[in-house]
Each structure stands twice: as C-alpha cells, then as structure tokens.
Amino acid sequence: VVLVVMDGVGRSSDGIGDAVYAVFVVFSFLAAFLGSVLGFYGSVWWYDLAMHFAFGYLGGICNARFLLAQCELQGGKPASARKAMRENVLDLNRSGSSGKRVLASLRLYLKAKTMEGDYSPIEPELISAIAEKRGSDAPLLRDIESLSEGLSALRAYAEERKGDFKIGYHNENHEASAGDKRYVIRIPVADFDEVDIRLYDENEVLSALEDISFPVPHPRYLGSFYYEGRPCAIHSYLPGKALRSVLPNDEELPSSYLPGFLSILKELHSRKEIPLPKKGDYDDCRSFYRYDRSFILSLVGKWFKRYRSFYHKLGYPEDLLSLFPDEERKIIDHPFALCHCDLHRGNVLVEEKGGFSLIDWELFQVSDPLYDLAIHLHKMFYRKEQEKELLDGYFAAFPELPRSSAEEAIGAYRKMEDVKSATIDVLRLLIELPHQSPEEGKRNAARYFLKLEALAASHPSYVLPFLDAEELYAFLMEEGKGIDPRLPEEGI
C-alpha cells in the first residue's frame with residue numbers, strides 16, 4: 001500500500017511521495033492507537049465506518065494496479081495496462097531514491113505472476129544486472145521507463161557490440177553484469193521452426209540438476225520475466241568460450257579434448273533419475289526409437305514433399321522411405337538415463353585452464369543413453385580413430401552394455417540423424433548464403449558437404465552428385481533461388 005501511495009498519488013516529485021508516506025505512517029499509527037488502546041473498535045460507529053472506507057479504498061487501488069500489471073506482463077495491450085506500466089514500472093528518470101523505487105515496484109508487479117506459480121521472482125541484483133550494464137555507450141535502464149524498452153536497448157547495444165550478443169536457434173543470449181557478478185539473459189527467438197524433440201522447459205531442467213547436485217558445470221536458473229509476451233530467463237554466467245568458436249566443425253579436434261567429453265557422458269548416463277515428471281510417448285528403448293523415427297520422418301517429409309525436385313537434384317532418392325529403414329530390431333533394451341541430446345562443440349564452454357561447462361539444455365530427455373551418444377558422435381565430427389577411442393572409454397565405463405549390439409543401436413540412430421541433418425541444414429544454408437561473401441559462403445558449403453558425405457556413407461540409396469564443395473556451392477546459389485525454408489504445414 002505504501003508503494004502504491006508513493007508511486008501513484010505522489011507522482012509529481014520525490015518530496016511529495018515522501019510526505020505522503022509520512023502521513024500514511026502517522027495515520028496507520030493513530031488508527032491502531034485509537035482503535036486498540038482507546039477502545040474505538042466496535043464502539044464508535046463513525047470510526048469503524050471511516051477506517052473500513054479508508055483501508056478498503058487503498059486496498060482497491062492496490063488490487064487494481066496489481067491486475068493491470070499482470071495484464072501487461074502476460075502480453076496484454078489495453079490502454080489502461082500500458083498507462084499503469086508507464087506510470088508505475090521502472091520509472092528511473094528520478095534522482096535520489098529511484099533505484100529502491102524501481103526494485104520495489106518490479107518486485108510488486110512480478111509477484112502477480114509468481115502468485116500463479118508460473119515464474120520465479122527476480123531478485124533485485126538481477127535487475128541491477130540489466131540496469132547497470134557498463135560502458136560509456138551502453139544504454140542504462142535508469143534512462144528508460146519500461147523493462148521492455150530497456151531490453152530492446154540492451155539488444156541494440158549487444159548487436160552493435162558483437163561480443164556481448166549470441167544468437168542460437170532457440171534463444172538470443174545477452175550478457176549483463178552487476179558489480180563483480182555476470183548473468184546471461186535468454187530471450188526466446190520468435191517464430192522458429194521446431195525441428196527437434198523438446199519435452200521439458202530448460203529452466204525446469206536446470207533447477208532439477210541443482211536438486212541432484214549434478215557435478216558437470218552448468219548454468220543456474222535464477223529467475224524469469226516477460227518480454228514482448230515471451231517468457232525470458234536469467235541464468236548464471238559461465239566463463240569460457242564455446243569450443244566451436246575456437247575449433248569449427250571443419251577443423252580437426254585435438255584428442256586432448258576426448259577425456260572431457262567422455263567425463264560429461266559418464267556423468268549423464270550414470271544417473272537414471274531426476275526430479276521431473278515423465279514426458280514423451282515411450283516407455284522403453286525400442287518404443288523411444290519408434291517415437292524418434294516417427295518424429296524425424298514427419299519432419300523431413302514436409303520439406304521433401306514441397307521441394308521434391310530440389311532434393312532429387314541434391315541426390316535424394318525418389319522414395320524417401322528408403323532413407324528410413326526400420327531398424328528397431330537393432331535397439332537393445334537397457335535402463336533410461338539423463339540425456340543432454342545436443343552435446344556438440346557449440347554447447348561446450350572451454351576455460352583457459354581447460355575446464356568444461358555444458359550449456360543449452362533445451363533438448364534434455366530421460367531416454368536411451370545410446371541415442372544421446374549417437375547424437376554426440378554425429379555432431380562432433382570426430383576422426384574415426386577418435387570415435388574408437390571415445391567408445392573404448394565409454395564401454396569401459398559401462399561394461400554391462402554388450403558393445404557389438406550397442407554399436408548397432410548407435411548406428412541405427414545415427415542413420416536417421418544423418419538424413420535429418422542433411423535435409424534441414426541445407427535450408428538454413430539457403431537463408432544465409434545470399435547475405436554472405438563468396439568466401440564465407442564457400443566455407444559453409446564445405447561444412448555442409450561433410451554432412452552429405454556422411455549421408456552417402458550411411459545410406460546406399462543416397463548418391464552424392466557433387467565432386468567437391470565448390471560444385472555444391474554453385475548448385476546452391478543457382479537452385480536455391482525461390483526456396484522458402486520455413487517449415488510447411490502439410491506432411492508427406
């Protein structure tokens with residue numbers, strides 16, 4: 001109530017707000033004194049009426065502003081909600097006690113969502129992480145009225161200063177600092193096509209990992225807020241650089257990194273339970289294989305149907321199903337485990353001293369660990385001798401797995417991933433090529449050429465029609481014109 005009175009009634013200056021605060025404190029004290037000590041409660045009718053009216057009126061103001069703020073946080077756009085946001089949230093243009101006012105206001109408005117159990121409240125220091133981004137040219141939220149505008153300014157600043165901004169397929173990642181603490185603000189990418197099995201909210205997963213004290217360094221989930229109607233998250237900052245920025249996929253990976261990746265896989269797959277509800281329409285490894293095969297076949301089929309001629313010229317067979325042999329018999333039955341399902345060079349941070357951190361847990365599953373291993377092998381671009389070294393260490397750590405049968409299961413999963421990756425990544429490449437220099441375009445075409453070579457190696461029905469990456473690049477620049485890479489609605 002004090003906050004509403006100060007930020008609502010006393011808007012003209014901090015002095016008026018403080019005066020109203022003082023009056024209200026005195027009023028509350030006198031009301032309690034007269035009612036309790038002098039016995040006015042229940043005996044003086046005008047006193048009861050005045051007190052009920054005064055506190056009811058103030059309570060009504062508080063509830064109304066609560067609802068307006070909740071509407072705005074949920075993405076609502078009525079004028080009254082916008083007015084409430086302008087007048088009461090993050091008005092940082094004042095001097096003096098503006099910082100305390102902002103943090104208190106934001107706590108109040110975020111509490112509307114927290115009461116529903118949807119999102120955790122943001123601690124004051126996390127707001128400071130956004131508001132106190134340093135640099136003479138950095139936007140400061142104390143100059144901006146709304147949180148949305150502040151984040152837009154932060155995004156613009158980050159895009160200008162490339163080192164502070166990273167965009168993935170699902171999220172934009174902004175770094176912010178508060179004193180000696182650093183944070184990552186993750187804003188979901190709008191309107192992306194879903195091309196992976198996603199069962200859990202990443203923030204739920206990170207919280208569950210904390211509950212089981214998962215030892216591999218990973219981000220901590222710290223809070224959430226709404227931005228343009230999208231639920232955004234604040235994660236702890238982890239030091240290091242993404243391995244892919246140091247060693248791209250087309251560069252050879254030193255074998256010295258293998259023990260680190262093996263350690264991550266061992267920690268994941270040795271854990272069979274996590275405090276999360278079961279999700280996914282599968283109960284054992286073979287039913288999971290059917291689930292995964294159905295998902296990929298439907299996904300690939302949508303693009304294949306629309307651009308059949310293009311994919312034929314890319315080397316795809318007439319019969320798409322020939323790329324999806326049913327190899328369920330190769331899947332062995334063994335316990336589910338924790339699976340990251342996206343363990344590649346871009347999702348591993350490497351510190352200067354050699355430590356590893358694992359980020360981007362959006363595709364997390366509790367499923368077949370051999371599937372997780374297959375995804376890792378597919379996305380890492382190991383040399384053959386490195387794959388063998390990693391598998392030697394893996395099966396030594398899990399001797400209960402029959403190696404020969406397990407490798408067949410890994411191969412079955414990888415075959416489907418080869419098709420999926422080749423089908424989807426060419427469309428992503430077609431988006432990028434028109435905006436790249438010929439040199440950069442040829443480098444990316446060379447990386448995609450590696451995926452076509454893997455597809456040819458795993459599927460006899462696919463015949464690679466290009467002699468080299470240069471020929472592939474020329475084909476994509478010519479044949480890719482007019483291709484709309486957005487995911488179509490229709491299926492096979």
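A salt bridge is taken here as a side-chain nitrogen of Lys or Arg within 4 Å of a carboxyl oxygen of Asp or Glu. By this rule, the predicted model contains 22 salt bridges. One of them joins the side chains of K279 and E204, with an N to O distance of 4.0 Å. K279 belongs to the loop between helix 10 (258-269) and helix 11 (285-306), whereas E204 belongs to helix 8 (residues 202-211); the pair therefore ties together parts that are 75 residues apart in sequence. Both side chains come from partly exposed residues: the relative accessible area is 31% for K279 and 36% for E204.

A further salt bridge connects K415 with E327, and here the closest N and O atoms are 2.9 Å apart. Because K415 is located in helix 15 (residues 403-432) and E327 in the loop between helix 12 (308-313) and strand 7 (337-339), this pair ties together parts that are 88 residues apart in sequence. With a relative accessibility of 23%, K415 is partly exposed. E327, in contrast, has a relative accessible area of 6% and is buried, since the cut-off for a buried residue is under 20%.

The salt bridge between D283 and K278 has its closest N and O atoms 3.8 Å apart. D283 is exposed, its relative accessible area being 65%, and K278 is likewise classed as exposed, at 58% relative accessibility; the cut-off for this class is over 50%. Salt bridges also link R186, E202, D360 and E362 in a network.

Three strands form an open sheet in the order 6-8-9, and their pairing is antiparallel. Between strand 8 (residues 348-350) and strand 9, the antiparallel pairing extends over three bridges. Within this arrangement, L349 has S357 of strand 9 as its bridge partner. In general, the strands of a sheet pair through backbone hydrogen bonds, in either a parallel or an antiparallel sense.

A volume of about 620 Å³ was computed for the second largest pocket. Its lining comprises 21 residues, of which F381, Y382, E387, R414 and A454 are the closest to the pocket centre. At least two lining residues are supplied by each of helix 13 (369-380), helix 14 (384-397), helix 15 and helix 16 (438-458). Helix 16 provides the largest share of this lining, with six residues. Helix 15, one of the contributors to the lining, is also the helix that holds K415, the partner of E327.

The mean pLDDT is 76, and 63% of the residues reach 70 or more. Residues 1-14 have pLDDT values under 50 throughout, and for this stretch the model has 38 contacts beyond four places in sequence. The pLDDT is also below 50 over residues 161-165, a stretch with 13 contacts in the model beyond near neighbours in sequence.

Key: Residues are numbered from 1 along each chain as its sequence is written. This is a predicted model: local features need pLDDT of at least 70, side-chain atom pairs count only at pLDDT 80 or more; totals for chains, interfaces and linings use all residues. Side-chain values use heavy atoms; hydrogens and water are left out. pLDDT is the predictor's confidence in each residue, from 0 to 100. Contact means heavy atoms within 4.5 Å. Helices (H or I, at least four residues) and strands (E, at least two) are DSSP runs, numbered from the N terminus. Buried means under 20% relative accessible area, exposed over 50%, partly exposed in between (1.4 Å probe, protein chains only). Two strands pair if DSSP finds at least two bridges between them. On a 1 Å grid over the protein atoms alone, a cavity is a set of points where a 1.4 Å probe fits but cannot get out, and a pocket is an open set with protein on both sides within 12 Å along at least five of seven lines; lining residues have an atom within 4 Å of a point. Grid points are joined across faces, edges and corners, and a volume is the space filled by probe spheres set on the points.
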